[in-house]
Amino acid sequence: MHGRYLGALWALAAALAAALLLAAPAGATVVSLTFDDAFADQMPAASMLGAAGLPATFFVMSSAVGQTGHLTAADLAALKAAGHEIGGHTLDHADLPTLGPDDQRHEICDDRQALLALGTQAAVFAYPYGHFDASAQAIARSCGYTAARESGGLAAPGGCWGPCPAAETLPPADPFAIRSAASIKSTVGLADLQQLVLSAEATGGWLTLTFHHVCTDCGTYATDPSVLAAFAAWLAPRRASGTAVLTMSQALLQPAAPVAPAAEPPAAPVPAPAAPVGRRPRRRCPAAVTSHRHRRSHHVPARCRAGARGVRARRWPATTYLTSTARSAAARH
Ligand SMILES: [Zn+2]
């Protein structure tokens, strides 16, 4: 009886493990759907995504909660209960690199405390406008966030076309500078969204999409509800072929690489390849460096930037690339 009971437990454990692998095969593609700025029109989208089995991450400025046109405390509780994640986005949508460390800490850490007081997870953070510096990164880490998302860095319409990767690595090289597709504009249609996923699937890795408003004809950074619903209906079944939709915190828990089934356990643990403690692995230079922002970005090692041997600085057409400054002027995101 005891043996049968143990056997059943093992079978259950194996089934659970298989289910987890099915949900997000190691080394496959993970898509994170993120919604910024706590707009009230995101609630119907959240319900639609929840019904489709697609958990999302909502980046909320705590000072906006309950304000006209924004999510309420009850909305945040409903989002969490539905399996969505709520992360931080500063108190006031601050442009962090313009602030000194004390003000950065106030914006990032006091916002996190306010979100925690509202019962949210507040485990991940998104830099307003995608703007950050080393100080903001360190402060976000110090006040308890596990990761932070920037805006851009992946190939996307209106953002970084060309040599930019289609997906972030899992785990990301820098969890406090997680690359994402540029903020989705109203001109981005269903086919564009599908292409972003297909491109990520071609390489594997982590595609984070950033939405703002979800409404019809309501601004530059807006997605029509019908487009989002069609995208969700197309995306959800791709789980069967290895593309999982996860919150950002769930994505960060994904294993780093495919695990080959072992015929028998190894006799002894194999020491990991020596990587000096405290040093990050040397990153390959991109094929080309596409913008002023990119040239000065920490994503591009100094040895790779314009003027460095073997790297070609390249000017990208203004129609397909907006500098971070221009993006800030265009709309907050
Ligand atoms: Zn924002």
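What follows is a series of questions and answers on the chain and on some of its strands and loops.

Me: How many helices and strands does the protein chain have?
Reply: This is a predicted model, in which local features need pLDDT of at least 70 and side-chain atom pairs count only at pLDDT 80 or more, while totals for chains, interfaces and linings use all residues. Residues are numbered from 1 along each chain as its sequence is written. Helices (H or I, at least four residues) and strands (E, at least two) are DSSP runs, numbered from the N terminus. On that basis the protein chain has 10 helices and 12 strands.

Me: What pLDDT does the protein chain average?
Reply: The pLDDT is the predictor's confidence in each residue, from 0 to 100. It stays under 50 over residues 1–26, for which the model has 12 contacts beyond four places in sequence, a contact being two residues whose C-beta atoms, placed from the backbone, lie within 7 Å. Over residues 257–332 the pLDDT is likewise below 50, and this stretch has 72 contacts in the model beyond near neighbours in sequence. In the protein chain, 68% of the residues score at least 70, and the average pLDDT is 78.

Me: How many residues of strand β2 are buried?
Reply: A residue is buried if 20 or more other C-beta atoms lie within 10 Å of its own, exposed if 12 or fewer, and partly exposed in between, with C-beta atoms placed from the backbone. Strand β2 covers residues 56–60, and both of its faces are covered, with A56, F58 and V60 on one side and T57 and F59 on the other. The number of buried residues in β2 is therefore 5 of 5.

Me: Which residue of β2 is the bridge partner of D36?
Reply: Two strands pair if DSSP finds at least two bridges between them. Strand β1 (residues 29–36) and β2 run parallel and are joined by 4 bridges. In β2, the partner of D36 is F59.

Me: Which helix makes a β-α-β unit with β2 and β3?
Reply: A crossover is right-handed if, with the strands pointing away from the viewer, the path from the first strand over the helix to the second runs clockwise. One right-handed unit is made by β1, helix α2 (residues 42–51) and β2. Another right-handed unit contains β2 and β3, and its helix, residues 73–81, is α3.

Me: How many other C-beta atoms lie within 10 Å of D37?
Reply: D37 has its place in the loop between β1 and α2. Its phi is near 80°, a positive value in a residue other than glycine. D37 is buried, because the number of other C-beta atoms within 10 Å is 22.

Me: Is T90 buried or exposed?
Reply: T90 is in the loop between β3 and α4 (101–117), and its phi is near 70°, a positive value in a residue other than glycine. With 28 other C-beta atoms within 10 Å, T90 is buried.

Me: Which residue does a cis peptide bond join to L170?
Reply: The residue lies in the loop between β5 (147–153) and β6 (178–180). Omega of the cis bond is about -5°, and the residue joined to L170 is P171.
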